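Here are a few notes to read alongside the structure. Have it open while you go through them.

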Amino acid sequence: MVTYPADWEIDKVSNISDITTGCRDTQDNIYNGRYPFFVRSPIVERINVSDFDCEAVLTAGDGVGTGKVFHYINGKFAAHQRVYVMSDFRKVTGKYFYYYFSRNFINEVEKYTAKSSVDSVRRAMIAEMEFPHPSLPEQNRIVENLSCFDDYIDDLAELIEKKKGIRDGALEDLMSGRTRLEGFDDGWVENSIDEVTQTIITGGTPATAHPEYYGGKIPWLSSTEIHQKRVSKPTAYITEIGLQNSSAKIAPSKSVLIALAGQGKTRGTAAYLLESMALNQSLAALVTNEKCDSEFLFYLIESLYLYLRELSSGDGGRGGLNKKLIKAVVVKMPGDVAEQKAIAAVLTAMDDEIEALEAERDKMIQIREGAMDDLLTGRVHLTV
């Protein structure tokens, strides 16, 4: 239980703000409309009419965003009929309310349910929520500090998206040969994947009914981890006996991974294996031969994502990829392995820069979370 400073006032949300809901349906949205339209999602739609013109904090009343989706706005907007709108703040600033409410409301909602997820929010859940707050001058200082974190994190996120766009454009240009690196002008050649690989490895899953197959020292990988792109963390660890009594096979480091199956957009995704791991049946590992640099092949396979998705859904694909389909894929690439390595180096440098920016963003988010804990509980006082 949090003990707030003696000079903080403990209030209820109903005493410090008005609580209402929007009146619109999701289908009322208009692409590129004049005003923000808040629905039950983190994504803000647009609309050509406004029902509110004020400073407000909004949260989803039901759906997957219940207790998790929050918005702050000061101006004209519209809201879905199952989105709660808190406005006309008294004794608190709107932005301070946003910070405290968005951080603590999920705990309030969970008091009303024994389930792990919350289906809907009733007005009383908001109205009766305890809301401690310092003086207005201290609120303003807290908001000022937290807004600095938000601005920096938003700037980083914008820069990351910009860098990703540049990187994706470079991937397309370099892998198609439209852009050639200085010092390389030899022609490109066509090869099948079969011609540039030593082998293609697929795996399997040890029987879960045998606990002795799991908890060993052999890293084991499924397609759920392929989002890492440069894979170093396995899905689980299996034992030697688990490996021997299953179809799981070990792929060497520097293999190029392709997701043969998986939920959503996973199928056809490429990754680069940084450490030797056993694979399950949802992955294939391409081990290159002397004709092809492994990192180049990773980027080349990544550039073929849409093609592989289409291939896996076509005749013979049966909704998934397999060795036969992959081996038959014909790709165009530099015959000179030195050019392959140079292309891979350019793209790797871009990926490293994006990864460093993402690490900085994640670190700042953690620091911001700690600052919110300290400032919104009064453990750290800001001088006014």
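1. Strand β11 (residues 214–221) runs parallel to strand β17 (residues 277–279), and two bridges join them. Within this pair, W220 sits opposite A278 of β17. Strands here are DSSP E runs of at least two residues, helices are H or I runs of at least four, and both are numbered from the N terminus; two strands pair if DSSP finds at least two bridges between them.

2. A caution before going on: this is a predicted model, where local features need pLDDT of at least 70, side-chain atom pairs count only at pLDDT 80 or more, and totals for chains, interfaces and linings use all residues. Residues are numbered from 1 along each chain as its sequence is written, and side-chain values use heavy atoms, leaving out hydrogens and water.

3. Now the whole sheet: four strands make an open, mixed arrangement in the order β13-β11-β17-β14.

4. Helix α6 (residues 294–303) is mostly covered, with eight of its 10 residues buried (under 20% relative accessible area, 1.4 Å probe, protein chains only). Among them are F296, F298 and Y299. At the helix start, a side-chain oxygen of D293 comes to within 3.2 Å of the backbone nitrogen of E295.

5. Look also at S147, in helix α4 (residues 136–176). S147 is buried, at 17% relative accessible area. Its side chain reaches the backbone oxygen of V143 at 2.8 Å.

Technical notes:
Buried < 20%, exposed > 50% of the residue type's maximum accessible area, 1.4 Å probe, protein only. Polar contact = N/O pair within 3.5 Å; in protein donor to acceptor, adjacent residues only side chain to side chain.
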